[in-house]
Amino acid sequence: MNREKVTKFGSMFLRYAFGALFLLAGAMKLYGVPMLVAEFDTVGLGQWFRYFVGVWEIVGGILIFLPTKRHFGAALLFLASFGAFIAQIMAIHQDWIHTVVFMVFIGILIRQDKERFTVIKNNIL
């Protein structure tokens, strides 16, 4: 297996894994899992924010599956992870490392898609 195939498979795996993960996380927020309700109470922005973040994550999770919209979906998920990082540091004071790991991997996806887009754009022009 050559490097390009491995990179393409790895990118596809990460995209689908993060899409599914954020779809699940968003659904849990909308459903009102008690642990998440308590976390959003701790953040102090109200439960409307839990619904907002849940919808944000579901939309990002769906968009990351669509080839023409995956850049936008990855950007939404990156911002959701960054917001979670800020909430963990400022209000919740629990495990924040997973948000950093998510941002790194989503950043890798964005970078790979940017490089792929640049190659396609240069081949067309």
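User: Which helices each supply at least two residues of the nonpolar patch?
Analyst: In this predicted model, helices α4 and α5 (97–124) each contribute at least two residues to that patch.

User: Which of the elements gives the largest share?
Analyst: The largest share comes from α5, with five residues.

User: Which residues form the patch on the surface, and what is their accessible area together?
Analyst: The patch is formed by Phe-82, Ile-86, Ile-89, Met-90, Trp-96, Ile-97, Val-101, Val-104, Phe-105 and Ile-108. Together they have about 860 Å² of accessible area.

User: Take Met-90. Where is it found?
Analyst: Met-90 lies in helix α4.

User: And is Met-90 buried or exposed?
Analyst: Met-90 counts as exposed because its relative accessibility is 61%, and the cut-off for exposed is over 50%.

User: What is Ile-106 in contact with, leaving aside its neighbours within four places in sequence?
Analyst: Ile-106 then contacts Phe-18, Phe-22, Ala-74, Leu-77, Phe-78 and Ser-81.

User: Now α3. How many residues does it have, and how far does it reach?
Analyst: Helix α3 (residues 47–63) has 17 residues. From first C-alpha to last it reaches 25 Å, close to the expected 24 Å.

User: Which residues of α3 are buried?
Analyst: Arg-50, Val-53, Gly-54, Glu-57, Gly-60, Gly-61 and Leu-63 are buried in α3.

User: What covers them?
Analyst: The cover over the buried residues of α3 includes α1 (3–31), α2 (34–43) and α4 (70–92).

Key: Residues are numbered from 1 along each chain as its sequence is written. This is a predicted model: local features need pLDDT of at least 70, side-chain atom pairs count only at pLDDT 80 or more; totals for chains, interfaces and linings use all residues. Side-chain values use heavy atoms; hydrogens and water are left out. Helices (H or I, at least four residues) and strands (E, at least two) are DSSP runs, numbered from the N terminus. The expected span of a helix is 1.5 Å times one less than its number of residues. Buried means under 20% relative accessible area, exposed over 50%, partly exposed in between (1.4 Å probe, protein chains only). Contact means heavy atoms within 4.5 Å. Patches are made of residues with over 30% relative accessible area and no salt bridge: like charges are joined within 9 Å, nonpolar side chains (Val, Leu, Ile, Met, Phe, Trp, Tyr) within 5 Å. Accessible areas come from the Shrake-Rupley method with a 1.4 Å probe; for residues, only the protein chains shown count as cover. A salt bridge is a side-chain nitrogen of Lys or Arg within 4 Å of a carboxyl oxygen of Asp or Glu.
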